[in-house]
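Trainee: Can we go through this model together? I'd like to take it one question at a time.

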Amino acid sequence: MNGIQFVLCDKQEDLVLAATLVDSRDDNAHPLDHESFFHSRAVILAKTIEGDIVGCAAIKAGAGDLGELGYLVVSPCYRRQGIAQALTLKRIEVAKSLGIAMLFATVRAENTSSRANLLKAGFQFWRDYLSIRGTGNTVGWYYLPLKEHVDVETAMQSLVGDRVPVV
C-alpha cells in the first residue's frame, strides 16, 4: 500500500473515473446506477502518487442518521494490499465527520472478502435475507454504530422492513 493516498473525491472528473472503475468490476452482477453514485454522500478514492485512481468506495446517497456503504472496488493489480480495508476505515472517519450515527452495508453471502473487510473494521453481522432483486442470492446485513445510544434493533428493522430472515 506504499504510495497510495486516500482522499475525499472533490472533482467531477475524478467522480466519473471512479464510476468507470466501479463499472469495470469483475463481479458486477448489477450495473452501476450512475445517478445514484454521483449523488453519494461521499466518495473516497485510493490514488497512486501519480494520481491514478486504483480504488474507490462510497457512503451512498441519503440523509439522516443512517449511512449505507457501497461501491467498493479496487483495481485487480492493486488487490491484497490493504486498500479495501483502508477505504472502509476512511469511510468510517468521513461518516463520523458528517454526523452519521450508524453505518450499514449489505454483502452477498459468497463475497467472503467484503464480509471479512467489514468485520475487521468493527461492523457486526445483523441477519441474512434473500435479495429483493429476485436473484435467489442471500445477502448479509451488517452495521456499525458510530454514536452512543443508537437503537440498532429499530434502525436495522426500519431498513429491512418486512423481509423474512434466511434461517
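Trainee: Is aspartate 14 buried or exposed, and what is its relative accessible area?

Mentor: First the ground rules: this is a predicted model, where local features need pLDDT of at least 70 and side-chain atom pairs count only at pLDDT 80 or more, while totals for chains, interfaces and linings use all residues. Residues are numbered from 1 along each chain as its sequence is written, and side-chain values use heavy atoms, with hydrogens and water left out. Buried means under 20% relative accessible area, exposed over 50%, and partly exposed in between (1.4 Å probe, protein chains only). Aspartate 14 is buried, its relative accessible area being 10%.

Trainee: Which residue forms a salt bridge with aspartate 14?

Mentor: A salt bridge here is a side-chain nitrogen of Lys or Arg within 4 Å of a carboxyl oxygen of Asp or Glu. For aspartate 14 the closest N and O atoms are 2.9 Å apart, and the partner is lysine 47. The pair links distant parts of the chain, 33 residues apart: aspartate 14 sits in helix H1 (residues 12–23), lysine 47 in strand S2. Helices (H or I, at least four residues) and strands (E, at least two) are DSSP runs numbered from the N terminus.

Trainee: How far apart are the closest N and O atoms in the salt bridge of glutamate 110 with arginine 108?

Mentor: Glutamate 110 is partly exposed at 48%, and arginine 108 is partly exposed at 24%. Their closest N and O atoms are apart by 2.8 Å.

Trainee: What does the side chain of serine 40 reach at 2.7 Å?

Mentor: Serine 40 lies in the loop between helix H2 (34–38) and strand S2 (42–47), and is buried at 14% relative accessible area. Its contacts (heavy atoms within 4.5 Å) include Ala58 and Tyr71, leaving aside residues up to four places away in sequence. At 2.7 Å, the side chain of serine 40 reaches the backbone oxygen of phenylalanine 37.

Note on methods. Polar contact = N/O pair within 3.5 Å; in protein donor to acceptor, adjacent residues only side chain to side chain.
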